[in-house]
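Subject: Structure for your review

Dear colleague,

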Amino acid sequence: MNLPGDLTPTKVIAVHLNYRSRAEQRGRVPDVPSYFLKPPSSLSGDGVPVLRPRGTELLAFEGEVALVIGKRCKRVHPDDALAHVGWVTVANDFGLYDLRWADRGSNLLSKGQDGYTPIGPRCVPAAELDLDHLVIETRVDGETVQHDSTANLLFSFADLVADLSRLVTLEPGDVILTGTPAGSRPVQAGSTVEVEVSGIGTLRSPIADADHPLEPWGAQPAVSGATRATALGVNAPRPVTLTDAAWSALQRVSTATLTVQLTRRGIRNAFIAGVQSTRPDLRLLGYASTLRYVALREDIRDADTAPLNQQKQAVESISPDEVLVMEARNDPGAGTIGDILAARVLARGGAGIVTDGGLRDRDAVGALDLPTYYQAPHAAVLGLIHYPLERNVPITCGGALVMPGDVLVGDGDGVVVLPAAMAESIAHDALAQEDREAWALERVRAGDSIRGVYPLGDARRAEYEAWLAARAAETTETTPDEQELPT
């Protein structure tokens with residue numbers, strides 16, 4: 001590490017959330033800062049390899065600006081706090097998500113490992129820098145993955161120093177990591193992570209695998225879908241991402257066709273029952289981001305002092321192409337979402353909303369270009385009977401199980417849930433099925449019997465394939481830039 005003179009830190013203090021971009025990505029904006037400790041032994045310097053234990057996969061970087069205390073600091077006012085900061089440097093707050101489960105919030109095993117806080121390449125006197133407008137950029141193998149400014153901090157450097165000094169004496173050499181912007185993600189062995197801060201320089205950290213196995217005693221690496229989603233910076237585990245061809249197919253096929261394909265695969269209860277659409281003219285297609293309501297109990301509601309409850313966090317963390325799906329216990333006795341939050345889902349790129357409960361402001365929601373499925377309109381707020389308990393967990397909506405990351409398709413009939421692992425093949429087979437049914441309908445209208453036509457029999461398969469080839473040729477001539485999923 002590169003601290004001035006003979007300074008030896010007694011502690012390394014890190015802030016949980018401090019850049020607005022990161023807070024919005026996490027779905028919550030704190031009112032006050034919160035912290036965790038990293039041991040001084042986690043400090044290392046520029047160019048020192050960061051080791052990923054064998055058998056782990058989610059070692060993530062977090063580019064940061066670090067403050068180095070220059071003068072002993074106890075109970076200082078924010079106006080005087082920066083006078084106690086001696087230097088500013090570049091830092092990278094590495095963390096191993098594979099061991100996060102064992103920390104119970106301490107971050108010791110996941111973030112306190114030797115070498116997991118590289119700083120450098122030099123410390124610049126704080127007085128020489130414009131601390132409110134430092135630009136931070138993180139690159140992985142030359143690709144920019146984080147870019148932000150200290151102008152976008154939720155809590156200024158002075159706020160952090162003053163806040164900490166109320167209860168913790170800051171000694172010369174102590175290091176404060178001031179937070180990371182959005183864009184953190186896991187990196188692989190062989191990569192190099194660079195963090196550059198304007199006016200200071202660039203910190204380089206090569207990533208390597210440890211040369212020994214992790215000892216078998218104590219907590220062992222474990223990764224859940226939710227853990228992987230957090231490490232990747234997404235809000236819900238997304239087990240699959242559909243190909244463009246499958247996405248295009250699911251934009252066309254009916255939910256009735258999809259239920260047939262699900263039944264052929266042994267899935268008989270994937271239709272969300274009892275819901276209607278505010279916009280039957282709009283197609284619903286997206287990945288499930290779930291929210292579960294439970295029956296309201298006043299003591300639980302009153303104990304929730306978070307700035308944003310789980311409902312609002314779900315809205316603020318929705319990603320493009322995601323559908324907000326809500327379990328409201330099939331009880332329409334209060335609205336589970338209204339026009340303002342629905343408009344926010346749309347603004348964030350959400351693909352739609354599905355709830356088996358009530359909908360507030362039905363007419364205003366219906367005016368949005370956002371397919372919204374609901375059981376019944378209800379003007380009352382959810383706090384009357386519902387409490388939003390948790391998000392991105394398995395839920396039951398309209399009698400159907402919905403897993404985070406499942407694919408939802410909705411049309412005028414309703415909404416069907418496609419298990420993530422099956423969605424790609426279902427899309428292919430559903431499109432082929434609808435082609436056969438289009439030919440069958442054409443033949444029946446022409447006067448043919450359904451025998452050998454619906455379902456298609458071997459005796460007429462050649463006729464059907466000739467019809468299919470002719471239609472494909474016609475489509476190619478009229479719309480040469482459009483490509484269909486092959487059947």
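In which loop does Asp361 lie? Asp361 is placed in the loop between β20 (358-359) and α11 (362-366). Please note that the model is a predicted one.

Backbone geometry

Asp361 deserves a remark for its backbone: phi is positive, about 55 degrees, although the residue is not a glycine. Its relative accessible area is 33%, so Asp361 is partly exposed. Arg104 is another non-glycine residue with a positive phi, in this case near 50 degrees. Arg104 belongs to the loop between β8 (95-96) and α3 (108-111), and with a relative accessible area of 69% Arg104 is exposed.

The peptide bond between Gly120 and Pro121 is cis, with omega at about 5 degrees. Pro121 is part of strand β9 (residues 117-125).

Of the 9 residues of α4, 8 are buried, so the helix is largely enclosed by the rest of the structure. The buried residues are Phe157, Ala158, Leu160, Val161, Ala162, Asp163, Leu164 and Ser165. The elements that cover them include β1 (12-15), β2, β6, α2 (78-81), β7 and β12 (175-177).

The sheet of five strands

A further open sheet consists of 5 strands in the order β4-β14-β13-β10-β11, again with mixed pairing. Its edge strands, β4 (50-52) and β11 (143-149), each pair on one side only. From one strand to the next, the twist averages 20 degrees. Strands β13 (residues 192-197) and β14 (residues 201-209) run antiparallel and are joined by 6 bridges. One of the residues involved is Val197, whose bridge partner in β14 is Gly201.

How many of the 6 residues of strand β18 (residues 322-327) are buried? The count is 6 of 6, so β18 is largely enclosed by the rest of the structure. Burial extends to both faces of the strand: Glu322, Leu324 and Met326 lie on one side, and Val323, Val325 and Glu327 on the other.

Strand β18 has parallel pairings with two strands, β17 and β19. With β17 (residues 284-295), β18 is joined by 6 bridges, and Thr290 stands opposite Val325 of β18. With β19 (residues 352-355), the pairing comprises 4 bridges, and Val323 is set opposite Gly352 of β19. Together with helix α10 (residues 339-347), strands β18 and β19 make up a right-handed β-α-β unit.

Aromatic pairs

The structure contains 2 aromatic pairs by the rule applied. One of them joins Trp247 and Tyr287: the ring centres are 5.9 Å apart, the planes stand at 35 degrees, and the pair is classed as tilted. Trp247 is in helix α6 (residues 244-250) and Tyr287 in strand β17, so this pair ties together parts that are 40 residues apart in sequence.

Cysteines

How many disulfides does a search of the whole structure find? The search gives 0. For Cys73, the closest cysteine sulfur is that of Cys123 at 17 Å, which is too far for a bond, given that a disulfide requires sulfur atoms within 2.5 Å. Cys73 is buried, with 0% relative accessibility. Cys397 is likewise buried, at 0% relative accessibility.

Yours sincerely

Terms used
Residues numbered from 1 in each chain as written. Predicted model: local features only at pLDDT ≥ 70, side-chain atom pairs only at ≥ 80, totals over all residues. Heavy atoms only, no water. Buried < 20%, exposed > 50% of the residue type's maximum accessible area, 1.4 Å probe, protein only. Contact = heavy atoms within 4.5 Å. Pairing = 2+ DSSP bridges. Axes fitted to C-alpha atoms, helices over the stretch in contact; angles between N-to-C directions. Right-handed = clockwise from strand over helix to strand, strands pointing away. Phe/Tyr/Trp six-rings, centres within 6.5 Å; stacked < 30°, edge-to-face > 60°.
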